[in-house]
Amino acid sequence: MFRSYLANVASRAIVIRKNNARFVSFHKLKETLNHFWSSDSKKLPYKHVCQIGDPVLRGHAMKIEPEVIKLEDFQKVITHLINIMRSYDACGMSGPQIGLPWQIFAIEHTMEHMKTSDEVIKKAYEMEVIPVTIFINPELKIIDHTPIILYEGCESVRGYSAAVPRAYEIEITALNASAEQFTWRGRGWSARIAQHEYDHLQGELYIDKMDMSTFQCTAWEKINKNDGKIHLNYLPKK
Ligand SMILES: [Zn+2]
């Protein structure tokens with residue numbers, strides 16, 4: 001068992017290196033999405049979110065050639081990414097999380113998300129509504145380095161959360177879903193969401209930056225109340 005485990009780890013490390021400094025070309029797109037519209041749910045992109053330990057979450061995501069973005073197949077990937085984000089009721093989702101090591105992420109913070117937080121949290125986190133926004137090949141610049149330490153979670157580290165320091169204000173230059181360059185600026189909670197998703201494209205997770213003493217199972221109280229009989233679901237909520 002021990003040996004086979006080591007072999008498994010070694011093969012994963014090779015996969016991660018292979019992803020470095022590559023571009024998603026027309027050929028790569030076609031090759032990856034070959035079975036996308038089949039009913040086989042194991043084909044890419046996934047209809048579930050990958051969990052920590054999956055090597056796709058630790059590699060450097062590939063840039064996407066601008067001419068690929070307007071292709072129908074890629075537009076379907078964008079729609080799929082948004083649908084998965086919404087089905088998990090998440091406010092951000094990146095390519096690697098659905099099995100695609102590509103430089104793309106979506107963010108959205110809706111009025112419904114706002115309603116689930118009380119006024120004190122909304123104020124402390126500086127929450128605001130963010131319309132759905134797609135970032136492709138993003139470059140991030142920190143405008144205000146002041147570290148703000150707040151709790152956050154990740155669909156790829158399901159069932160846990162921790163306090164994570166994030167820069168207060170950032171600016172991102174990226175391509176949108178029409179392959180046009182745009183610049184986006186965010187502060188507070190919006191900046192936090194975007195930094196979290198941007199990190200996914202660098203192979204980084206919030207656990208790499210968190211205050212380790214605050215790392216917690218989000219259901220720890222429920223587990224005590226229910227004699228440990230709690231089920232953790234890895235499928236979308238909707
Ligand atoms: Zn995440």
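These exercises walk through a predicted model of one protein chain.

**Exercise 1. The chain as a whole**

Task: Find how many helices and strands the chain has, and what share of its residues is buried.

Solution: 
- Step 1. Count the elements. The chain has eight helices and eight strands.
- Step 2. Turn to burial. Of the 238 residues in the chain, 28% are buried.
- Step 3. Look at the contacts. Take those between residues at least 6 apart in sequence: 70% of them join residues at least 24 apart.

**Exercise 2. Helix α4**

Solution: 
- Step 1. Work out the expected span. The calculation uses one less than the number of residues.
- Step 2. List the buried residues. In α4 these include Phe 74, Val 77, Leu 81, Ile 84 and Met 85.
- Step 3. Recall the geometry. An α-helix has 3.6 residues a turn, so residues three or four places apart point the same way.
- Step 4. Turn to the other side of α4. Glu 72 and Thr 79 are exposed there.
- Step 5. Ask what covers the buried residues. The cover includes α2, α3, β3 and β4.
- Step 6. Look just past the helix. Asp 89 takes a positive phi of about 60 degrees.

**Exercise 3. The largest nonpolar core**

Task: Find which residues touch the most other members of this core, and which element gives the largest share.

Solution: 
- Step 1. Start with the members. The core has 36 residues, and Leu 81, Ile 104 and Ile 136 touch the most other members.
- Step 2. List the elements that give two or more residues. They are α3, α4, β4, β5, β6 and α7.
- Step 3. Pick the largest share. Helix α7 gives six residues.
- Step 4. Check how covered α7 is. Of its 14 residues, 13 are buried.
- Step 5. Check its length. Helix α7 reaches 21 Å from first C-alpha to last, close to the 20 Å expected.
- Step 6. Look at what follows α7. Gly 203 has a positive phi, near 80 degrees.

**Exercise 4. Strands around Ile 136**

Task: Find the bridge partner of Ile 104 in β5, then describe how β5 pairs with β4 and β6.

Solution: 
- Step 1. Name the partner. Ile 104 is bridged to Ile 136 of β5.
- Step 2. Pair β4 with β5. These strands run antiparallel and are joined by five bridges.
- Step 3. Pair β5 with β6. They are also antiparallel, over 13 bridges. Within this pair, Asp 144 stands opposite Glu 169 of β6.
- Step 4. Inspect the hairpin of β5 and β6. Six residues lie between the strands, and Gly 159 takes a positive phi near 95 degrees.
- Step 5. Return to Ile 136. Beyond its neighbours within four places in sequence, its contacts include Ile 64, Ile 69, Ala 174 and Leu 175.

**Exercise 5. Gln 181**

Task: Decide whether Gln 181 is buried or exposed.

Solution: 
- Step 1. Locate the residue. Gln 181 is in strand β7.
- Step 2. Count neighbours. Gln 181 has 11 C-beta neighbours inside 10 Å.
- Step 3. Apply the cut-off. A residue with 12 or fewer is exposed, so Gln 181 counts as exposed.
- Step 4. Find its contacts. Leaving out residues up to four places away, Gln 181 touches Thr 173 and Leu 175.

Key. Residues are numbered from 1 along each chain as its sequence is written. This is a predicted model: local features need pLDDT of at least 70, side-chain atom pairs count only at pLDDT 80 or more; totals for chains, interfaces and linings use all residues. Helices (H or I, at least four residues) and strands (E, at least two) are DSSP runs, numbered from the N terminus. The expected span of a helix is 1.5 Å times one less than its number of residues. A residue is buried if 20 or more other C-beta atoms lie within 10 Å of its own, exposed if 12 or fewer, and partly exposed in between; C-beta atoms are placed from the backbone. A nonpolar core is a set of buried Ala, Val, Leu, Ile, Met, Phe, Trp, Tyr and Cys residues joined through C-beta atoms within 7 Å. Two residues are in contact if their C-beta atoms, placed from the backbone, lie within 7 Å. Two strands pair if DSSP finds at least two bridges between them.
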